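Here is a friendly walk through one protein model, written for someone who likes to know the cut-offs behind each term. Have the viewer open as you read.

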Amino acid sequence: NYVLLNEAKPPFDNIKARQALAYALDFEEFNAILGAGILTQATGPFAPGNIGNLEDSGFPTYDLDEATRLVEEYEAETGEELSFTYSTTNTQSSIEQGQLLKEQAEAAGMSVEIITVDQSTLIDGAISGDFEANGWRLHPGGDPDLQYNWWKSGSPVNFGKFVDPEIDRLLDEGRTTKEGRDQIYEDLNRRFAEQVHNIWLWYTPWIVATATDVHGVPGEGPTS
């Protein structure tokens, strides 16, 4: 679960705007208010148990003073207010997440407008690039090479529109080598953190609920 940023247009074509939002978001408050305290903060796109996961990728953590400083720097350098639209689906949980994000970002001096749409419209906007920041969920576990098309420069499903030669290099290296792949994808994780291409929030927990007499579900735990 993360905030997808469009780097093809202001304000998130500027790394200081991306950094400011990352520092402004307080995961502990998200977890307490929306997650019943059970969420695990994400440090990158690779969840625990997957190649490339890092306990500390260097991704910015909550620091309101730093967020405020970066907002002021962005506005001084660009002459523009740091404002953006946040698009999300029209479900209650997504709206609540957007409202909390707005409160935290505005505490650092940003201005945020929430746009609620149905899921298909949200996806259409990501494909066309008609968005600034989206509430988003993607990148399931498994071999990291499965994520290649989501992040390769110029890919039509690189929804963030970022162009990063270092990520391209690491993606190609991870695809064409058998040795050292752990290190390759850990380096990719660190590059995401350094450039703040996305705002990682938490690893999404999933539950498949069945009646007690249903068996054979993949991942089914022990039963009494």
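The largest pocket holds about 650 Å³ of space. A pocket here is found on a 1 Å grid over the protein atoms alone, as an open set of points where a 1.4 Å probe fits, with protein on both sides within 12 Å along at least five of seven lines; lining residues have an atom within 4 Å of a point. Grid points are joined across faces, edges and corners, and the volume is the space filled by probe spheres set on them. Of the 21 residues that line the largest pocket, Asn1, Thr89, Ser94, Trp136 and Arg137 are the closest to its centre.

Before going further, please note that this is a predicted model, in which local features need pLDDT of at least 70 and side-chain atom pairs count only at pLDDT 80 or more, while totals for chains, interfaces and linings use all residues. Residues are numbered from 1 along each chain as its sequence is written, and side-chain values use heavy atoms, with hydrogens and water left out.

**Pocket linings**

Which elements each supply at least two residues of the lining of the largest pocket? They are strand 3 (83–89), helix 4 (92–107), helix 5 (119–128) and strand 5 (133–136). Helix 4 gives the largest share, 4 residues. Helices (H or I, at least four residues) and strands (E, at least two) are DSSP runs, numbered from the N terminus.

The second largest pocket has a volume of about 280 Å³. Its lining has 16 residues, and the closest to its centre are Asn1, Leu138, His139, Pro140 and Thr204.

**Aromatic contacts**

A pair of aromatic rings is described by the distance of the centres and the angle of the planes. Rings of Phe, Tyr and Trp (its six-membered ring) pair if their centres lie within 6.5 Å; planes under 30 degrees apart count as stacked, over 60 as edge-to-face and the rest as tilted. By this rule there are 10 aromatic pairs. Phe46 and Tyr185 have ring centres 6.2 Å apart and planes at 75°, so this pair is edge-to-face. The two partners are 139 residues apart: Phe46 is in the loop between strand 2 (40–41) and helix 3 (64–78), and Tyr185 is in helix 8 (residues 181–195). Both are buried, a word that stands for under 20% relative accessible area, with exposed for over 50% and partly exposed for values in between (1.4 Å probe, protein chains only).

Trp136 and Phe159 form another edge-to-face pair, 5.7 Å centre to centre with 75° between the planes. This pair also links distant parts of the chain, with Trp136 in strand 5 and Phe159 in the loop between helix 6 (148–151) and helix 7 (165–176), 23 residues apart. Trp136 is buried at 10% relative accessible area, and Phe159 is buried at 8%. Recall that Trp136 is also among the residues closest to the centre of the largest pocket.

One aromatic cluster is made up of Tyr2, Phe46, Trp151, Phe162, Tyr185, Phe192 and Trp200.

The charged end of Arg175 sits over the ring of Tyr148, 3.8 Å from its centre; the rule asks for NZ of Lys or CZ of Arg within 6 Å of the ring centre and within 35 degrees of the ring normal.

**Helix 2**

In helix 2 (residues 27–34), Phe27, Phe30 and Asn31 are buried. They cover an arc of only 95° around the axis, so they lie on the same side of helix 2; the arc is that of the directions from the helix axis to the C-beta atoms. Glu28, Ala32 and Ile33 are exposed on the other side.

**Backbone details**

Most residues other than glycine have a negative phi, and most peptide bonds are trans. Pro10 and Pro11 are joined by a cis peptide bond, with omega about 0°. Pro11 is in the loop between strand 1 (2–5) and helix 1 (15–24).

His139 is not a glycine, yet has a positive phi of about 70°. His139 lies in the loop between strand 5 and helix 6 and is buried at 9% relative accessible area. Val196 has a positive phi near 50°. Val196 is in the loop between helix 8 and strand 6 (198–200), and is buried with a relative accessible area of 0%.
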